[in-house]
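Trainee: I'm new to this one. Could you walk me through it, one question at a time?

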Amino acid sequence: MEYLAWLLLLLPLLCAAAIQFGVKDSPAAAANLSVASVVGTFLIAVLLVFNSDFSSSFTWATAGTFTIQIGILGDQLAKGMMVVVTGVGMLVHIFSLGYMKDDEAKARYFGGLSIFMFSMTGIVLADNFIMMFIFWELVGFSSYLLIGHWFEKKSAAEAAKKAFLVNRIGDFGFMIGILMLWGILGQTFLFAEMEAPAKALPESQATIVGIAVLLIFCGAVGKSAQFPLHVWLPDAMEGPTPVSALIHAATMVAAGVYMLFRLQVAAGTSIFEGFAGTTIAWIGGITTLLAALMATQQDDIKRVLAYSTLSQLGYMVMAVGLAGEAGIEAGQAGMFHLYTHAWFKALLFLGSGAVIYACHHEQNMWKMGGLFRRMPKTTMTFAVGTLALMAAPPLSGFWSKELILAQALEHNPPLFWIGAGVAVLTPFYMMRLFVVAFLGKPRDHGAEKAKEVPPVMLVPLIILGVLAVVSAFSLIASSIVPDNDFHAHGFHPNMVFWISLGALLLGAGGGFLLYHGRSSDPLANNPLFKLFRNKFYLDELYLKLVGLFQDTVAMAVHFLDEFLINGMIVGGLARSTAGLGNIFRRLQSGNLQGYAILFGAGILLVIYLTVFAR
Amino acid sequence: MASLQEYLFVSGLLFAIGLAGVLVRRNIIVIFMCLELMLSAANLTLVAFSRFNTGPDGLPDYNGQVLVFFIITVAAAEVAVGLAIIVALYRARQTVDVEDLTSMRG
Amino acid sequence: MEGLFFYAFSGFAVIGALALVAFKNPVSSAMSMVASFLGLAALFISLNAYFVGIIQILVYAGAIMVLFVFIIMLLDLKAEERKTKYNPLFLVGGVFIPLVFLIQLCGILPHVPNAEPEPLHLKESARYFYDQEKEASKEEQSEIHKSLSKGDLPDVNLIGLTMFGHKGDNETIKTPGYNFPLQIVGVLLLVATVGVVALSLRKKTTGEPEPGDPDSRPEP
């Protein structure tokens, strides 16, 4: 089994290397190779799920007693996550064959996807924090490559840069957190060895443990785009749509949640107790609310989905944060939502990709409309995804969201009400998107001429549509989602159910009534909604803040550099040397007689000192 | 016969004249001649000391004269090399005036 | 009588030296230098250093002087022309420093015994050498002893004796001599010869001869 797992890890890397060094000049071969590799990894991942757990590692670097290991850990969590990653990855690869058919840099695109698959596999299978951090950065790197795929476009290049830099901010905290945790938990990076020291932690260390956990959470804030580092994700939609589906909806952004849950599984939820878990849960809650509000006023179809991703990630993080109070069940709820969300959000993104493809790369939903008639199959799958995201029972999104809300109600009622509010907003903006883009009449000639996408794009949509419906049922879920004792069969309607059902009807009905038959947004001029449209002016605020901070620091540094270092130390030395040199330069007249006179005077002095001055 | 003082004074006088020549003249060949004069003046000192320090055999101390012999030999070598340098210098710069040879000015 | 000669030749040497410094024409300077060196040679001879005096005339006034004059002729040097204004600082320094030097010399000279040299008693020296040689049980009388007995000063032999050293009783070395420095001086002369050749070599790779180069004048 270990060999298969190592193959699972290395296959995408080999594929990327082969594309980069071998078949870069033949895009079709690169695409086929990449797809073949991801199909292979998916088969391996499925095979692994039905086999026993495994682990294997080797020492990578040693310094004294300090060792860094590279190893893979295949417990149920990792194996299930692998199925999600490779499954979504496979479908996205296949979809890309159609979507990126005419792209000029197809080989580079598929090479980037393979690198991403390698990195993501590394995160999932990592058996220690250092290895996870390495692949964490590799994921950021491949994300940079893919967001900036169309780097000729200034906005794409800027977005790639922004994503990378914002992630770096979070990763800095992550790195410190890893090192702190290493010191706290018995000087080990290995997940397998964390449990015992975490249990034995004295009460007095609760604060430092909380700080370490929050610093590690910083990594998740960056990667999973939580408030206040969420700003990169909407911009990342500048990348190709399949990339958005794979990386910025289903897998990479979920890595933060996965990492936190991995830590909870390894070290127990006790280290999340107290302020650390509460902070994490509240940040998740704030993110989910803000993102849902911002999603209500976006016109770009992908941006709506991006903000809904943010919102759903907020749910997950909230659940993981609640684990500090509620125990591992809350984290499992988060992971369950991650798992169901991966399918239906990938479906939505690929569906939007199909729409964008059909409308000749038009992304503004107000220029679409009436697509239901022209591409009914795509619309059907999109509708399924929308319903899943709205958490309509009995689709997959419903079960996982229900679980999170139940945990929130039990352990943190204010967060439950935030979650319930978002449960109103989500159907509202999704209904807005669906009604505007797919119903009504075409409002632009791109939408008029749209026709059904080719099968290579349609088949992944249909598969994902099926999964969006059934993935929460225990038949599938129990073998993939770890230790999941929740199953749809044992469900009884309770208060949470009625509230979320009411929220769904309220949001969906409101959205349908408000936007049906409209050709422009009726809320666009409302000052409150203007605030949402402009994303609470957070980007501008950051720009100002960063600018101000940078200017201040730059001024201080400039002052130090210009006056202290350049003026006093370096310049002072240089000037005094130059000054002295200027003085002594006069002596170096180049005139032989001048030298001779000095020489003679010196001799006189020597004679005086040796003979007369004694 | 003259005393040691007188010989030493003449020697010093010649040395001083040579030094003055080195300091005031600008033709490098003349400077070089003045250097030779200073060397010879030093020789006179050595010979005078040699003559005025008679040994146990009642003869001058010939160690001094051997030193003079060495000095003359070295001076001959020095003149040969020095004049060759002056010729090379003249080829390169077309001058023997030390005031024109200031390319080492700082 | 001897004192008169001393002053005459001293004056000759000093005037020659002054003329060397004073003449503008380098050829005149060279000739003055010859005169000065002749005077110096006479002073050497008055100090019973005949060999050194002759060497002074042969090497300095002869060989070296010819070299100087040859080079002056070769470079076709004229009298100095005042192209630039003479820096008075150099003139002041050039007069002042030798003057101070002379004053310092006058300050030292009173400490030197102001006495006539002991006259050379060559016959007694001959006896001294005779004793020495008898101790060394040499059958034959040395050249030095013979000359000294005749009343001559064999200074060439004596310099040779000093330079190469000699052995006393039972092959013990009495004076070590200057054999090693002599070898070194020989090497120095060799190096000087090679150096002069190296300095005088013309670079073949350089293209056109520079103007004013005495060697580059067109062939008649």
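Trainee: Let's start with chain A. How many helices and strands are there in chain A?

Mentor: Remember that we're looking at a predicted model. Chain A runs to 614 residues, and buried ones make up 53% of them. Counting its secondary structure gives 25 helices and two strands.

Trainee: What share of the contacts in chain A with a separation of 6 or more comes from residues 24 or more positions apart?

Mentor: Take the contacts in chain A whose separation is 6 or more, then pick out those between residues 24 or more positions apart. Those account for 81%.

Trainee: Now helix 16 and helix 20 of chain A: are they roughly parallel or roughly antiparallel to each other?

Mentor: Helix 16 covers residues 376-390 and helix 20 covers residues 455-470, and their axes come within 9 Å. Those axes cross at roughly 30°. Angles under 35 degrees count as roughly parallel. So helix 16 of chain A and helix 20 of chain A are roughly parallel.

Trainee: And is the crossing of helix 16 and helix 20 of chain A left-handed or right-handed?

Mentor: Have a look at who makes the contact: A:Thr381, A:Val384 and A:Gly385 are among the residues from helix 16 of chain A, with A:Leu461, A:Ile462 and A:Gly465 among those from helix 20 of chain A. By class, that contact has seven nonpolar, four polar and one charged residues. As for its hand, the crossing of helix 16 and helix 20 of chain A is left-handed.

Trainee: Over to chain C. Which helix of chain C gives the most to the side that touches chain B?

Mentor: In that pairing, 76 residues of chain C are in contact with 67 residues of chain B. Several helices of chain C supply at least two residues each to that side, including helix 1, helix 2 and helix 8. By class, the side has 55 nonpolar, 15 polar and six charged residues. With 11 residues, the one giving the most is helix 3 of chain C.

Trainee: How many residues of helix 2 of chain C are buried?

Mentor: Helix 2 of chain C reaches 30 Å from its first C-alpha to its last, close to the 30 Å expected. After this helix comes C:Asn48, with a positive phi near 60°. Helix 2 of chain C is mostly covered, and of its 21 residues the buried ones number 15.

Trainee: Last one: how many charged residues are on the side of chain A that touches chain C?

Mentor: Here nine residues of chain A are in contact with eight residues of chain C. On chain A's side, seven are nonpolar and two are polar. The number of charged residues there is none.

Terms used. Residues numbered from 1 in each chain as written. Chains lettered and ligands numbered in written order. Predicted model: local features only at pLDDT ≥ 70, side-chain atom pairs only at ≥ 80, totals over all residues. Contact = placed C-beta atoms within 7 Å. Helix = DSSP H or I, 4+ residues; strand = E, 2+ residues; numbered from the N terminus. Nonpolar A, V, L, I, M, F, W, Y, C, P; charged D, E, K, R; others polar. Expected span 1.5 Å × (residues − 1). Buried ≥ 20, exposed ≤ 12 C-beta atoms within 10 Å, placed from the backbone. Axes fitted to C-alpha atoms, helices over the stretch in contact; angles between N-to-C directions. Parallel < 35°, antiparallel > 145°, perpendicular 65-115°, else oblique. Left-handed = near helix turned anticlockwise from the far one by under 90°.
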